[in-house]
Amino acid sequence: MLDNNSFIRSCIRDFSDEMDEIERSIFIEFLNQHPQKQAHYNELKSIWSKANITLPNIDSDKLERKLRSRINVNISSKERFENRQPKKRLFSAKRIQLGIVSFILLMAVSVVWFGVGEITSNTISKSTHRWQRSLITLGDGSKVWLNELSTIEFPEQFSETERTIILSGEAFFEVTPDSLRPFVIESNGLITRVLGTSFNIKSYADLEAVEVTVRTGKVSIENYESPTVKLELLPNEKGTFDKDEGVLSKSIINNPEKYFGWINNFMVLENETLNEVAQMLESRFEIEIQFSDPAIGLCQLSGKLKDNSLTGILDAISTILNLTYEVKGRTITFSGNKCVQK
């Protein structure tokens, strides 16, 4: 069953016509199976309609992020920046379920036309939810592409000697050169230092390792607890930090687009099994994927898929592997007798 946050996101995406055919059919099936959610959906749709929210170019992901930043301010890292922590506003589960959504809908017009101010504190926190990606420009001109389910924290103004941010999740950086102020990223026990370059860091809390992949320039990585142990990475090199062992290692990457493709909404596959691809899709789209025959899950995929449309991905997989799929509720079942790439 969809949790409150997922229900909120699904309503906003539906009202903003941002769901593709498969996503909408899954959501409708969910509503049909949960009358109480259907009633809430109908109420919110009525509010949306009466509020006349028919503005051009509404970005529901941006709208949700902005409003949630006002509703639920992340606690800043006192140990890193020694700034005061903003108070976290508390809401009951019932208000989260209906009140926040209603607030989002009723405030949409004013937010889109007038905008929402930034948090007035010395530390800024930016987060993305599932399905969301965000481009953030820092005060020094550096650009950060933040992948879904990720958070960065950074001071409102960098110091005169160093530019430090904290990352949880995945982000691609294009750092503005500044020889007097190294750019430092702290991510789950790994320190990454640069002067001016472009690179990707994958540092989700539930993964066993942190990965740093360099596109241009040179990057230095070190264990936060053992700063004397360092590695330097050059373009097309990947540094890996084993969080349990505290060990650093590096390797050459033969297909850079596999690590950077997500910035342009591409899923780049390199001999991944359909089981592995299914896990990625289940996490990204909150669905369940099954196979009529377990052997189908061993089929291998290579190529580049546009990953912002579930329908497009499923159609592509079916065409490439000569399979068919069936959607029932939030479950997708692949069937077929062969595993041949066309």
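The structure is a predicted model, in which local features need pLDDT of at least 70 and side-chain atom pairs count only at pLDDT 80 or more, while totals for chains, interfaces and linings use all residues.

The structure is a predicted model, in which local features need pLDDT of at least 70 and side-chain atom pairs count only at pLDDT 80 or more, while totals for chains, interfaces and linings use all residues. Residues are numbered from 1 along each chain as its sequence is written, and side-chain values use heavy atoms, with hydrogens and water left out.

Helices (H or I, at least four residues) and strands (E, at least two) are DSSP runs, numbered from the N terminus; two strands pair if DSSP finds at least two bridges between them. Strand β18 (residues 331-335) is joined to β17 by 5 bridges in the antiparallel sense. Both strands belong to an open sheet of 3 strands with mixed pairing, in the order β15-β18-β17. Because β15 (288-291) and β17 (324-328) stand at the edges with a single partner strand each, one side of each is left without a neighbour in the sheet. From one strand to the next the twist averages 25°, where axes are lines fitted to C-alpha atoms, for helices over the stretch in contact, and angles run from 0 to 180 degrees between N-to-C directions.

Antiparallel pairing over 5 bridges also links strand β10 (residues 219-223) with strand β11 (residues 226-233). These two strands form a hairpin with 2 residues between them, and Ser226 in β11 is the bridge partner of Asn223.

Helix α9 (residues 310-321) packs against two helices. The axes of helix α8 (residues 274-285) and α9 come within 12 Å and cross at roughly 170°. The two are therefore roughly antiparallel, a label for angles over 145 degrees, with under 35 counted as roughly parallel, 65 to 115 as roughly perpendicular and the rest as oblique. Leu274, Val277, Leu281 and Phe285 in α8 meet Leu310, Ile313, Ile317 and Leu321 in α9, contact being heavy atoms within 4.5 Å. By class, this contact has 8 nonpolar, no polar and no charged residues; Ala, Val, Leu, Ile, Met, Phe, Trp, Tyr, Cys and Pro count as nonpolar, Asp, Glu, Lys and Arg as charged, and the others, Gly among them, as polar. The axes of helix α2 (residues 21-33) and α9 come within 6 Å and cross at roughly 110°, so α2 and α9 are roughly perpendicular to each other. Glu21, Ile22, Glu23 and Ile26 of α2 make the contact with Leu310, Thr311 and Leu314 of α9, giving 4 nonpolar, 1 polar and 2 charged residues by class.

The largest nonpolar core has 27 residues, and Phe173, Phe183 and Phe199 have the most contacts inside it. Such a core is a set of buried Ala, Val, Leu, Ile, Met, Phe, Trp, Tyr and Cys residues joined through side-chain atoms within 4.5 Å. Its largest share, 4 residues, comes from β5. Apart from this core lies another, of 25 residues, among them Leu274, Ala278, Ile287 and Leu305.

Gln132, in the loop between β1 (123-127) and β2 (134-137), has a relative accessible area of 0%. Asn147, in the loop between β3 (143-146) and β4 (151-155), is at 5%. Leaving aside neighbours within four places in sequence, the contacts of Asn147 include Gln132 and Trp262.

How values were computed:
Buried means under 20% relative accessible area, exposed over 50%, partly exposed in between (1.4 Å probe, protein chains only).
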